[in-house]
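Have the structure open as you read.

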Amino acid sequence: MGDPEPVRVLLAKLGFDGHDRGLKVVARMLRDAGCEVVYLGLRQTVESVVVAAEQEDVAVIGISMHNGGHLTLGPKMVQAVANAGLGIPVVIGGIVPAEDVPKLTDAGVAAVLGPGTPVEVAIATVRAAARSARALP
Amino acid sequence: MSTDAVLSDLLTQARDGSRRALGRLLSQTETGDARAGEVDRLAIAEQGNAWVIGIVGAPGVGKSTLTGHLAAAAARKQPATRAPRVAVIAVDPSSPVTGGAILGDRVRMDAIAAAHGVFVRSMAHRGAAGGLANAVPIAVRVLGAAGVEVIIIETVGVGQVELEIAMVADTTVAVMSAGWGDAIQASKAGLLEVAEVLVVNKADQPDARAAQRDLEQMLDLGVVAGGAAGWRPPVLATVATSGEGVDALWSAIEAHRTWLERSGELDARHCAHLRHEVRGRALEGISRRLDAMLASTDIFYGPDTPDDWARRLESRLCGGHGDPKRPSSPGMPAEGHDITRPEV
């Protein structure tokens, strides 16, 4: 077995965005790295993600974006998590133009993982985010 | 604050409707160490009284979708309060190699369950023998302590798990789909022996009626044990994708509950559940010690047989006392009480 306490990660796509191949690959990757992946899949809302994150007590929320809505939905997701008092880091993956990355991190997104991110980097990013979540009171 | 105070504070919040607090408490049940014991002690003191329904069936028969609808049907019957009245525990397997897991049951039950305020928690089985997460019985008590009245446990029905779920649930529902197999399949041991309610899902498909008829004939022959004498498992037809037949299924589950309560079977069952859980937890400790002993023992072929080795280890593990079932074992009378098999 891997970690004594596996890192629980929630994975979802928000809104009208039907490309979930990438998210499924990431789910498998994280599973193989010893994480417990709570997979919500397609057509979620920021509200449904917050409810699931509370019930599942996850350490990280991973959102996949392929519809260009990241600048709207990324900050909205971070805000919804903060409003619920959760302190769970939000990581965004998918297609995000380089110039938008700082805008997202400024808005509180913990990390942005684009296409071609090496598996090890993605896993390390999720683990680091999980540690930061646990450090919160 | 002490740990106890923190946990008890979380439980108060959970009863006031905090999903986050309940989520946190459920994580404690999964730690597998003293923290799980602490939260269990707290939950037991509250004496919750939740009805526990187990859903078993092969992958792909529609368990998750049906569970979502069933949870919604249960929620419609419960008076609305701040705290959730209906909860789902969805168990999926962990990888034996990495310990990781993909918990995907929410995909098929979330929309309908969320609309009715159902609390859904996914659990990886984390290598538990028997296939049901060790945390499940504790999680059931925690949910009960938080005021949840109906708990639906959904799990993958492969191998030993059917028996495990029957040792946690008050009512076990076995789900099959149209074209699930013939009379011989039904005669095989396992799924049908523990089922108290039988469901043929995907009833809009051809052959659904044939599947129902096969099951009824099986019941006539007494092949389906139904958990206890005096209860004949009803066979229901559902279409989980549309919700058709779900209200009738819920009524059948309620009828089983009424029967359990009136027949006095419920108390006997809870007693058996407790004995089974204690046995499982004791076995875990014993098996850890056995593994440690194995790791430090050089084992080789011949002249001793594997059975000779096993008896030697067993004898060392039990402080010189061997298996009481084997009169030849040293240091134990033949008529010794068999503590290895409690009557569960």
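Predicted model: local features only at pLDDT ≥ 70, side-chain atom pairs only at ≥ 80, totals over all residues.

Residues are numbered from 1 along each chain as its sequence is written, while chains are lettered from A and ligands numbered from 1 in the order in which they are written.

Start where the chains touch: 26 residues of chain A and 25 residues of chain B take part (contact means C-beta atoms, placed from the backbone, within 7 Å). On the chain A side, helix H1 (21-32), strand S2 (36-44) and helix H2 (46-56) each give at least two residues. Helices (H or I, at least four residues) and strands (E, at least two) are DSSP runs, numbered from the N terminus.

There's strand pairing too: S2(A) and strand S3 (residues 101-103) of chain B run parallel, joined by three bridges (pairing takes at least two DSSP bridges). Here Glu36(A) sits opposite Ala101(B).

Now for two helices within chain B. The axes of H12(B) (residues 265-295) and H13(B) (residues 306-317) come within 11 Å and cross at roughly 120°. These residues make the contact:

| Helix | Contact residues |
|---|---|
| H12(B) | Ile286(B), Arg289(B), Leu290(B), Met293(B) |
| H13(B) | Leu313(B), Arg316(B), Leu317(B) |

By class, the residues of this contact are five nonpolar, no polar and two charged (Ala, Val, Leu, Ile, Met, Phe, Trp, Tyr, Cys and Pro count as nonpolar, Asp, Glu, Lys and Arg as charged, and the others, Gly among them, as polar).

Key: Axes fitted to C-alpha atoms, helices over the stretch in contact; angles between N-to-C directions. Contact = placed C-beta atoms within 7 Å.
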